[in-house]
Each structure stands twice: as C-alpha cells, then as structure tokens.
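Visitor: Could you take me through a structure? I would like to ask questions as we go.

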Amino acid sequence: MVELDNFKSMLGTYKKPLEEVKGALDLVNKEQKIQELEREMEAPDFWNEPSVSQKKMQELKSMKDDVATYSELEAGFEDIETMIEMGYEENDASLIPEIQEMLDDFVATYEAIRTKTLLSGEYDKNNCILEIHSGAGGTTPSPR
C-alpha cells in the first residue's frame, strides 16, 4: 500500500534526528543526576533550607520530564513501526487512520522536545523585554 510506504519513509526521516535529540538532552547524565538528587532528598536535613530544596525539586522534575518525554517519543516511534509492519502483513487499510494519528502525535512531541533542546542554554529560562525603536529612515512607509 502506498500510504504505508509513505508512513515508513516519513518515519525513517526521524530516526537520526531522534538520536540527535537524545544526545542533546544528555539523558545518561540526567539519569545519574536524578539518582543523586533522589539520594540527597532522603537526607534528614534536606528540607532545612526550603529555597535550596525547592530549587532542587524543580530541577529534579524538569529532568524527569525530559527523560519521560524522550521515553514516550522512543516508544511511539517503535509503536508506529510495529503498526506499519502489521499493515503490510495484514494488508489492512483500516490501520491507516490510526497510523496517521500516531505519526501526527509523534511529530508534535518530537517538535516540542526539539524546541526545548534548542532553548536549553544558561539564559534561555529567563524572561526578556524587547523594545523596537525606529531608526534611520523614519516611520513613514515607502511607496510601492
């Protein structure tokens, strides 16, 4: 079926970028840091400084969210591959809408996490105020 071929081709274009996102998220180090923070939280004096504790809790949640989102993304990729293979084996056109929906969800999740990796620098979590002032040339529109 042509649709299944298209799905397989489209999904294949995400294989390498998915690995790049995994590297950009630095999941191995995040998982180690999660374990360290969880051990640290077990200490009886962890809550003695609420502001520090709260900051560490937010950091822990953010890292766990990244790991969970990537795991969901990877599982979605594998599920779509399986559904495509089932479609080929059974020659069942009724799977096409379901595969399309799964692929749409996968792409949306991928784009969201990709954007997050692009905006993961030191200052990217900070707010910004941007003002634009007219400069040389004035504010009058040019004639067409």
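Visitor: Is Tyr110 buried or exposed?
Guide: Tyr110 counts as buried, at 7% relative accessibility. Buried means under 20% relative accessible area, exposed over 50%, and partly exposed in between, with a 1.4 Å probe and protein chains only. This is a predicted model, in which local features need pLDDT of at least 70, side-chain atom pairs count only at pLDDT 80 or more, and totals for chains, interfaces and linings use all residues. Residues are numbered from 1 along each chain as its sequence is written, and side-chain values use heavy atoms, with hydrogens and water left out.

Visitor: Which residue forms an aromatic pair with Tyr110?
Guide: Tyr14 does, and the pair is edge-to-face, with 5.1 Å from centre to centre and 75 degrees between the planes. Rings of Phe, Tyr and Trp (its six-membered ring) pair if their centres lie within 6.5 Å; planes under 30 degrees apart count as stacked, over 60 as edge-to-face and the rest as tilted.

Visitor: Where do Tyr14 and Tyr110 lie?
Guide: Tyr14 lies in the loop between helix 1 and helix 2 (15–25), and Tyr110 in helix 5, so the pair ties together parts that are 96 residues apart in sequence. Helices here are DSSP runs (H or I, at least four residues), numbered from the N terminus. Tyr14 is buried too, with a relative accessible area of 12%.

Visitor: Which residues form the aromatic cluster?
Guide: Tyr14, Phe77, Phe106 and Tyr110 form one aromatic cluster. The rings of Phe77 and Phe106 have centres 5.8 Å apart and planes at 55 degrees, so this pair is tilted. Phe77 is in helix 4 and Phe106 in helix 5, 29 residues apart. Phe77 is buried at 6% relative accessible area, and Phe106 is buried at 5%.

Visitor: A new topic: at what angle do helix 4 and helix 5 pack?
Guide: Helix 4 (residues 50–90) and helix 5 pack at about 150 degrees, with their axes 10 Å apart. Axes are lines fitted to C-alpha atoms, for helices over the stretch in contact, and angles run from 0 to 180 degrees between N-to-C directions. That makes helix 4 roughly antiparallel to helix 5. Angles under 35 degrees count as roughly parallel, over 145 as roughly antiparallel, 65 to 115 as roughly perpendicular and the rest as oblique.

Visitor: And how are helix 1 and helix 5 arranged?
Guide: The axes of helix 1 (residues 2–12) and helix 5 (residues 96–118) come within 11 Å and cross at roughly 15 degrees. The two helices are therefore roughly parallel to each other.
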